[in-house]
2 protein chains.
Amino acid sequence: MTKQVQSKSLGKLTNLRRLHKGLINLMPLQTGGMLTDAAKEVLLEFGDGYCTCDFCSGSLSEISNPPVRDFVHELLPEFLGCEVAAITHGAREGKFILMHSLTQPGDSIVVDGNKHYTTVVAAERAGLKVIEVPSSGYPEFRINVDDYVPLIGKHNPRLILLTYPDGNYGNLSDARRLGEIAQEHNVPYVLNGAYAVGRIPIRMEDLGADFIIGSGHKSMASAGPCGVLGMKKKWEGRVLRKSELYSNKEIESLGCTLRGVPLVTLMASFPEVKERVNHWDEQAAKAQWFSLELEKLGFRQLGEKPHRHDLLHFEASMLYDISRNVRDKGYFLYKELKERGIWGPQPGLTRAFKLSTFAADKDQLAFVIDSFKAIISKYS
Amino acid sequence: MTKQVQSKSLGKLTNLRRLHKGLINLMPLQTGGMLTDAAKEVLLEFGDGYCTCDFCSGSLSEISNPPVRDFVHELLPEFLGCEVAAITHGAREGKFILMHSLTQPGDSIVVDGNKHYTTVVAAERAGLKVIEVPSSGYPEFRINVDDYVPLIGKHNPRLILLTYPDGNYGNLSDARRLGEIAQEHNVPYVLNGAYAVGRIPIRMEDLGADFIIGSGHKSMASAGPCGVLGMKKKWEGRVLRKSELYSNKEIESLGCTLRGVPLVTLMASFPEVKERVNHWDEQAAKAQWFSLELEKLGFRQLGEKPHRHDLLHFEASMLYDISRNVRDKGYFLYKELKERGIWGPQPGLTRAFKLSTFAADKDQLAFVIDSFKAIISKYS
């Protein structure tokens with residue numbers, strides 16, 4: 001690399017700014033991770049590297065100031081409806097921890113066909129064979145959890161996993177029924193709740209799962225990377241097993257995971273997150289209303305109907321048709337929305353894209369609906 | 001848990017404040033991770049969960065805004081003196097990625113006896129046998145890298161690792177000589193530079209290593225958790241191998257690692273970090289001077305002398321003697337220093353503790369020396 005190229009690249013690092021600040025946010029990855037005011041305050045307070053560890057005496061989850069110990073050992077288990085909780089770098093890292101602890105390379109696991117890609121990549125890292133329960137396909141992509149039964153019988157999996165809801169359609173499968181199936185077949189059951197924990201009131205024990213996974217940056221109003229992992233006490237000795245040489249260090253977390261500010265944002269936001277799940281019914285109603293209004297414009301909502309989650313997947317053939325005839329191609333939609341103060345569909349997509357209604361209020365969503373209407377008529 | 005206990009724990013999460021803000025910081029874990037002003041600004045800008053991924057098209061290291069791509073593919077390799085770079089959750093996660101990629105359970109690795117505990121825990125997680133090159137022991141704890149040779153011959157390790165410097169004594173072993181040894185014996189050589197990268201001018205290729213590991217929160221002025229990993233190009237296909245099903249997703253990083261604000265602090269601080277390593281001679285001289293001054297007070301510096309790193313390990317028998325006769329026991333030192341605006345030795349320690357001179361200027365260090373003097377005379 002020439003000095004000139006390097007100097008240009010270095011220059012790009014000064015004055016880093018986010019382009020989408022202050023817009024109405026409909027991006028599904030982000031709507032549940034927007035920081036509370038309390039979390040924004042701790043960003044600066046605990047921003048310096050390793051300053052969360054001022055009072056560490058060897059174990060992150062035992063730190064009393066900031067009160068990690070109370071958070072991990074009291075508040076999180078109560079919130080997740082589980083006996084033991086741990087903090088992770090995120091949902092995917094939680095999945096790998098479980099796979100690496102509970103399986104051997106060559107083992108099989110059974111997962112839903114709507115799983116997040118990281119479920120498969122974590123399984124690849126752990127050397128596992130992934131058996132998928134197919135969905136019902138277009139347009140609803142439902143998972144019938146009874147379809148796990150024959151695959152469990154055939155493949156003798158070391159664990160089963162359900163994505164609840166999945167990140168593509170926002171479908172909420174029958175997690176409780178799968179809990180009964182898991183118990184009947186005596187197979188550990190992992191609920192990937194990256195889009196549930198922090199949005200929906202959800203308790204692991206009510207669903208009969210062995211493990212529950214949450215994502216701080218996706219659904220718990222936290223900076224990333226950051227996640228939570230809940231489990232039945234019977235798994236603690238295996239999943240959170242300690243080093244033989246360093247008796248207070250957990251092997252799977254390499255001693256500790258979230259040694260930094262994302263953990264403190266997770267904690268600072270927690271009181272508000274704990275409260276907001278009580279208003280889930282309003283969120284679900286808002287999503288249904290938004291979906292119906294967009295369908296009136298000619299959009300088609302994929303996934304379960306009536307929809308029970310704020311993550312919505314739409315087909316919008318009229319937008320795709322426009323994109324084929326404009327200079328910006330697929331990016332025209334991103335630009336049109338951005339000009340109106342809206343950020344949501346992934347830049348470049350028009351034919352089908354995902355939106356989340358979680359962070360926007362009804363007035364903002366009405367404005368979004370009007371904006372789509374205006375964009376469509378502008379190009380008609 | 002009763003409602004009352006839970007409500008008390010929840011209350012602790014409001015108004016989280018750091019106790020050691022604004023003090024003269026001598027805590028070795030923290031002195032290299034204090035944020036630059038530029039990094040503080042991006043904390044709020046990119047604090048919301050997943051907002052670093054606004055323009056992700058499937059691979060974190062290819063994001064152009066913020067300019068992750070330039071950082072990872074141009075600036076980092078040049079800075080680390082390597083051909084290929086990646087970002088990680090931290091040094092320990094970088095070590096596990098390498099062990100998991102390059103070894104099989106049951107294999108052996110050879111590491112220095114001064115290694116960080118996470119080297120051993122990462123090896124346990126990967127199912128490896130760890131062979132240690134013993135140090136010279138008290139008081140200097142030097143590692144003679146020629147001692148790797150017989151152990152390589154005897155154990156046929158899949159990789160060798162040197163901690164440079166180690167985090168206990170701040171010793172800088174002959175990393176270059178070990179590079180020659182590694183090449184002679186054709187064994188992959190990992191340099192754990194968690195306390196070097198971002199402090200010392202260091203180039204992997206000059207030392208003959210195959211891999212170099214750095215820590216953002218320890219030595220690169222970043223929020224945690226955050227790290228870097230450099231390597232020779234010949235290892236890229238193995239360590240950064242892609243998923244069979246998701247061709248742009250790296251398996252060892254589970255698709256991506258640092259999907260959050262610590263990465264942006266690492267990038268924002270980078271221009272300053274790149275510059276500050278040029279002043280390493282002044283840092284080393286400052287550490288030597290500080291060590292000599294404390295030795296005049298009766299402290300004994302362990303590790304190499306003259307010392308070549310800001311991480312210093314002291315024995316202070318006179319402080320230990322005091323601690324045995326005061327109400328606060330070992331905590332008296334922490335309190336006495338804190339009252340004087342100084343934060344450094346781990347709370348509770350007096351007999352032996354570590355300090356780092358990296359973040360304090362000479363005037364501040366002179367004040368620290370005077371403070372130790374005053375504390376000793378106060379109790380004499």
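Buried means under 20% relative accessible area, exposed over 50%, and partly exposed in between, with a 1.4 Å probe and protein chains only. This is a predicted model, where local features need pLDDT of at least 70, side-chain atom pairs count only at pLDDT 80 or more, and totals for chains, interfaces and linings use all residues. Residues are numbered from 1 along each chain as its sequence is written, chains are lettered from A and ligands numbered from 1 in the order in which they are written, and side-chain values use heavy atoms, with hydrogens and water left out.

**Helix H5 of chain B**
- Helices (H or I, at least four residues) and strands (E, at least two) are DSSP runs, numbered from the N terminus.
- Eight of the nine residues of H5(B), residues 117-125, are buried, so the helix is largely enclosed by the rest of the structure.
- Among them are Tyr117(B), Val120(B), Val121(B) and Arg125(B).
- These buried residues pack against helix H4 (91-102) of chain A. In chain B, their partners include helix H4 (91-102) and strand S3 (108-112).

**Strands around the helix**
- S3(B) pairs with S4(B) in the parallel sense, over five bridges (pairing takes at least two DSSP bridges).
- Ile109(B) lies opposite Val130(B) of S4(B).

**The two chains**
- Chain A superposes on chain B by a rotation of 180° with 0.0 Å of shift along its axis (RMSD 0.0 Å).

Key. Contact means heavy atoms within 4.5 Å. Copies are superposed by least squares on the C-alpha atoms of residues with pLDDT of at least 70 in both.
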